[in-house]
Amino acid sequence: MSESHHSINDPAEAAAPLKLIPPDIRSLEDYARRAPAHMTPSAWEHIRSGAGAELSLRQNREQFDCQLLVPRRLQSLAGGSAATTLFGYHHAAPILLAPVAYHQLAHREGEIATMQAATALETTMVVSTLSSIPLEDIARAAHAASQAMERDRTPPLWFQLYFQADRGHSLELVRRAEAAGYCVLMVTIDAAIKRSEFALPEGGEAANLRGMPRCVQNSAASGGQIVFGTALADAAPTWDDIAWLRKQTSLPIILKGILSPADARKALDHGVDAIVVSNHGGRVTDGLITPMKALAPIARIIDGKCPILLDSGVRTGTDALKAIALGASAVMIGRPQLHALAVAGMAGVAHMLHMIRAEFELAMAQIGVKSLDELGPDYVTYSD
């Protein structure tokens, strides 16, 4: 790791990462339980919190309790595999790391450690526009980790794009990602207008945006415009921006933040290659439909025309299995990567990924399916 990658998680306020994984960590929630001790209080609150009264934050977990698995018995499991293919690239399991900003809030090595763990577990990490470390350095870390493990391939690199107020700056990020070897663009479309009361600690920055103007802020004076009529609202991306981006790159484009069947249809009309059904982990707007409730109607509209990913609240292998049975091609996990990173660094993230992968494969076997193609709505029923 370059010496320029320094900590923004003050060690005076947080316990050092553990060198060994404690035996009592047996689930992703165990990492969440331990994580606050390894972060500053402000960093933990920023990572943990949701919008408003946190109704969506709670319901994102509860949404998985509303579905129950229906197993098939005495099925052959010979030759089984949890592997899948997305955009022509192999994935060891349909579980990816969602784009999450500022990994150095959790650990001094930040996204470098997370990417090393993801590479070791053959997992794609979606690198955020707001990463603590430049996207080029993160890509190099992935290739270096693959070489160190004598792997013949690196998990496909995906980059998450936040549109910048100036299209030229958005295009600059796309070109940098292309040059660094990223093969998929994931565009987050549900967070352009949000409240943010978190200030990065001294030394913290969005490394990919160095030299670019800061994001448009809503600084309307009291008594003036609140949202509409402000620079913040005027700069929010539209479908025209998606059409523009489609003309700028040949990379697959995924839209993250779809919750409406109408928007899913519109995404297809705009040449989008995949969508993510997501309410941004309940962080942006409270009271939204949960992704699991939105999934089935969206899957009917998509009708196999493109992959569907799902995030927000996935914490167990059975969560992932239920989502895929109901129409998702893969799921992404967000906050747990920072929980594990804070507790035990790269080893923690690798352990966290291994646990959820093991839970997923075990659940597949226990309901009697040996490939993702066998999953479907018949394997899930709704609880009363």
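Does Asp303 count as buried or exposed, and at what relative accessibility? That comes up in point 5; here are my notes on the model.

1. First, a reminder that this is a predicted model. The protein has 384 residues, and buried ones make up 52% of them. Its secondary structure comes to 12 helices and 12 strands. As for contacts between residues at least 6 apart in sequence, 75% of them link residues at least 24 apart. The accessible surface is about 17000 Å², with 51% of that belonging to carbon and sulfur atoms.

2. Now the inside. The largest nonpolar core holds 101 residues, and the members that touch the most others are Tyr182 and Ile275. Helix 12 (residues 335-367) gives this core its largest share, 16 residues. There is also a second, separate core of 14 residues, with Leu86, Trp158, Val184 and Met186 among them.

3. Tyr182 deserves a click in your viewer. Leaving aside residues up to four places away in sequence, Tyr182 touches Val127, Leu135, Ile138, Ala139, Leu157, Trp158, Phe159, Ala177 and Leu251. Of these, Leu135, Ile138 and Ala139 are also on the list of buried residues of helix 5, which brings us to that helix.

4. Helix 5 (residues 135-148) has 14 residues and spans 20 Å from its first C-alpha to its last, close to the 20 Å expected at 1.5 Å a residue. Its buried residues are Leu135, Asp137, Ile138, Ala139, Ala141, Ala142, Ala145 and Ser146. When reading that list, keep in mind that an α-helix has 3.6 residues a turn, so residues three or four places apart point the same way. The cover over the buried residues of helix 5 includes helix 4 (110-120), strand 5 (126-127), strand 6 (158-161) and helix 6 (167-180). After the helix comes Glu150, with a positive phi near 55°.

5. A few backbone angles are worth a look, given that most residues other than glycine have a negative phi. Tyr102 has a positive phi, near 55°, and sits in the loop between strand 4 (95-97) and helix 4. Asp303 also has a positive phi, near 50°, and its place is in the loop between helix 10 (291-302) and strand 10 (308-310). Back to the opening question: Asp303 counts as exposed because its relative accessibility is 56%, and the cut-off for exposed is over 50%. Tyr102, at 14% relative accessibility, counts as buried, since buried means under 20%.

Terms used:
Residues are numbered from 1 along each chain as its sequence is written. This is a predicted model: local features need pLDDT of at least 70, side-chain atom pairs count only at pLDDT 80 or more; totals for chains, interfaces and linings use all residues. Side-chain values use heavy atoms; hydrogens and water are left out. A nonpolar core is a set of buried Ala, Val, Leu, Ile, Met, Phe, Trp, Tyr and Cys residues joined through side-chain atoms within 4.5 Å. Buried means under 20% relative accessible area, exposed over 50%, partly exposed in between (1.4 Å probe, protein chains only). Helices (H or I, at least four residues) and strands (E, at least two) are DSSP runs, numbered from the N terminus. Contact means heavy atoms within 4.5 Å. The expected span of a helix is 1.5 Å times one less than its number of residues. Accessible areas come from the Shrake-Rupley method with a 1.4 Å probe; for residues, only the protein chains shown count as cover.
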